[in-house]
Amino acid sequence: MHAFESVLRRAGLAAVAGVDEAGRGACAGPLVVASCVLKPRSARALPGLDDSKRLTAQKREWLEPRIFQQAASWHVVVMPPGEVDAMGVHQANLEGMRRAVAGLAEVPDYVLLDGFEVPRLGAPARRVVGGDRLVACIAAASVLAKVARDRIMAELDEAHPGYGFATHKGYCTAAHMAALAELGPCDQHRYSYAPVAAAVREHRIERTEGAGTLR
């Protein structure tokens with residue numbers, strides 16, 4: 001997984017940043033984007049590093065402090081649901097990636113992105129399809145983004161009981177859709193997403209008919 005960075009470093013590009021996001025497909029909670037520049041020779045300190053989606057929660061939690069130790073620089077950006085709705089998820093994702101790179105302690109010499117080309121990034125960049133499985137710095141960013149988002153969703157579960165945010169993390173599971181149908185959306189849902197928009201319409205109908213209230 002460290003081959004991409006090694007080749008770029010041999011070409012004189014010392015600071016190579018990886019960027020990835022968590023929560024793009026969720027209909028509730030923030031979109032979280034992370035960037036990470038790993039130090040040279042960090043491979044041995046990060047055994048089992050992989051795409052965060054292929055790791056258990058326990059493994060991600062184990063890796064996070066080790067990534068911090070092996071990172072020359074890192075930055076995590078939280079795009080709240082309202083911002084995702086206002087921009088659209090794709091544009092919010094691109095903007096989150098720009099902010100994540102801009103938040104690094106130093107401008108990177110090169111940026112490797114998981115799947116997306118990002119204009120106006122402020123540094124030379126290349127997209128790598130499946131990069132979170134192939135490139136160490138992207139995988140590290142994916143772990144940082146995922147762990148940060150999971151913690152946010154656990155906090156939102158306490159603030160908004162009944163939805164099960166701590167379990168499904170805002171994704172459109174059957175349990176989440178059932179809770180959404182019963183409770184209606186809260187302020188942490190993405191109202192531009194079809195399941196949430198449908199729940200809004202349903203609860204408005206219920207209020208009109210006197211059968212409930214719009215939450």
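How many bridges join strand 1 to strand 2? There are 6, and the two strands, residues 16–22 for strand 1, run antiparallel. Strands here are DSSP runs of E of at least two residues, numbered from the N terminus, and two strands pair if DSSP finds at least two bridges between them.

Before I continue, please note that this is a predicted model, in which local features need pLDDT of at least 70 and side-chain atom pairs count only at pLDDT 80 or more, while totals for chains, interfaces and linings use all residues. Residues are numbered from 1 along each chain as its sequence is written, and side-chain values use heavy atoms, with hydrogens and water left out.

Let us turn to strand 2. Its other partner that I wish to show is strand 3, residues 71–79, joined to strand 2 by 8 bridges in an antiparallel arrangement. Within these pairings, Val37 of strand 2 is the bridge partner of Ala17, and His75 of strand 3 is that of Ser35.

Finally, the cysteines. The whole structure contains 0 disulfides (cysteine sulfur pairs within 2.5 Å). Cys36, buried at 0% relative accessibility, has its closest cysteine sulfur in Cys137, at 7.3 Å, which is too far for a bond. Cys172 is likewise in no disulfide, the nearest cysteine sulfur being that of Cys27, 3.4 Å away. At 38% relative accessibility, Cys172 is partly exposed.

Note on methods: Buried < 20%, exposed > 50% of the residue type's maximum accessible area, 1.4 Å probe, protein only. Helix = DSSP H or I, 4+ residues; strand = E, 2+ residues; numbered from the N terminus.
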